[in-house]
Amino acid sequence: MGVVAGIGVLLPFPFYWWLWTNPQAWVNLCGKGRDPSKVMARVSHALKLAQLLSLFSVASLSWPPPFYFWPLMGFGQFLNFRVYQLLGESGTYYGVRFGKNIPWVTEFPFGVIRDPQYVGSIMSLLACLPFVPFQYIFLWCLGYGFMMRVEADEDQNNRAKPLS
C-alpha cells in the first residue's frame, strides 16, 4: 500500500505542472463554450479525493489530537478559504493562465503571506503528522513546494488566448 499511497499523494502535481506550462493546450482541449478553470476545478477535486484517500489508507486516527493540531488545521484552512473567497474559482484555478482577466488582490493574506493557499495547505498537512507517516506528508509538501517554484516564474507570453 505504501507505493500506491505515495503515487496517490503525488498524483495532482504533474497535472498542475502541465496546465501551468501548457495553458493554451488546456483551453483548446476544453473547447469552445467550456470554462477551463471550471473544468480544472472539477478534475482537481477528483485528484484531491485520490490524495485524501491515499492518506487515509496509511493513517492511524486517534482521539484526541495533540494540542497543535487545532491551530495548524484551523489557520491553514482559514488561509485556503480566504484565498478562494478573494480569488474565486477562476482566480484559484489558473484563470489568468487561461486568458481571463483576474484582478490583482492585496487584501489579507495576500501581501502578508507569500503563496497563502500553499502555506495554508502545508499547515493543514503538518497538523496531520500525528496520524499519517511523515514520508507521505513530506511528499505532499514537496509537491506544493515544486508548484510554488513553478508558479513563481510565470512567462506572461505563455498565457492562453481564449477561444472565440
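Leu-142 lies in helix H7, where helices (H or I, at least four residues) are DSSP runs numbered from the N terminus. The model is a predicted one, in which local features need pLDDT of at least 70 and side-chain atom pairs count only at pLDDT 80 or more, while totals for chains, interfaces and linings use all residues. Residues are numbered from 1 along each chain as its sequence is written, and side-chain values use heavy atoms, with hydrogens and water left out.

With a relative accessible area of 47%, Leu-142 is partly exposed, a class that falls between buried (under 20%) and exposed (over 50%), judged with a 1.4 Å probe and protein chains only. Together with Leu-126, Leu-129, Phe-134 and Phe-138, Leu-142 makes a nonpolar surface patch of about 460 Å². Such a patch joins nonpolar side chains (Val, Leu, Ile, Met, Phe, Trp, Tyr) within 5 Å, taken from residues with over 30% relative accessible area and no salt bridge. Helix H7 (residues 134–152) gives the most to the patch, with three residues.

In soluble globular proteins, nonpolar side chains tend to be buried together.

Aromatic rings form a further set of contacts. Rings of Phe, Tyr and Trp (its six-membered ring) pair if their centres lie within 6.5 Å, with planes under 30 degrees apart counted as stacked, over 60 as edge-to-face and the rest as tilted; by this rule there are 17 aromatic pairs. Phe-15 and Tyr-16 form a tilted pair, 5.9 Å centre to centre with 50° between the planes, and Phe-15 is buried at 16% relative accessibility, as is Tyr-16 at 12%. Tyr-94 and Phe-98 form another tilted pair, at 6.4 Å and 55°; Tyr-94 is buried at 7% and Phe-98 at 2%. One aromatic cluster includes Phe-15, Tyr-16, Trp-26 and Trp-140 among its members.

The charged end of Arg-97 sits over the ring of Trp-20, 4.7 Å from its centre, the rule being that NZ of Lys or CZ of Arg is within 6 Å of the ring centre and within 35 degrees of the ring normal. Arg-97 is also linked with Glu-154 and Arg-159 in a network of salt bridges.

A salt bridge is a side-chain nitrogen of Lys or Arg within 4 Å of a carboxyl oxygen of Asp or Glu, and the whole structure holds seven. Three of these are set out below.

| Salt bridge | N to O distance |
|---|---|
| Lys-100 and Asp-35 | 2.6 Å |
| Glu-107 and Arg-82 | 3.3 Å |
| Arg-114 and Asp-115 | 3.7 Å |

Lys-100, in the loop between H5 (69–92) and H6, and Asp-35, in the loop between H3 and H4, are 65 residues apart, so that their pair links distant parts of the chain. Lys-100 is partly exposed at 24%, and Asp-35 is partly exposed at 26%.

Conventions. Patches are made of residues with over 30% relative accessible area and no salt bridge: like charges are joined within 9 Å, nonpolar side chains (Val, Leu, Ile, Met, Phe, Trp, Tyr) within 5 Å. Accessible areas come from the Shrake-Rupley method with a 1.4 Å probe; for residues, only the protein chains shown count as cover. Helices (H or I, at least four residues) and strands (E, at least two) are DSSP runs, numbered from the N terminus.
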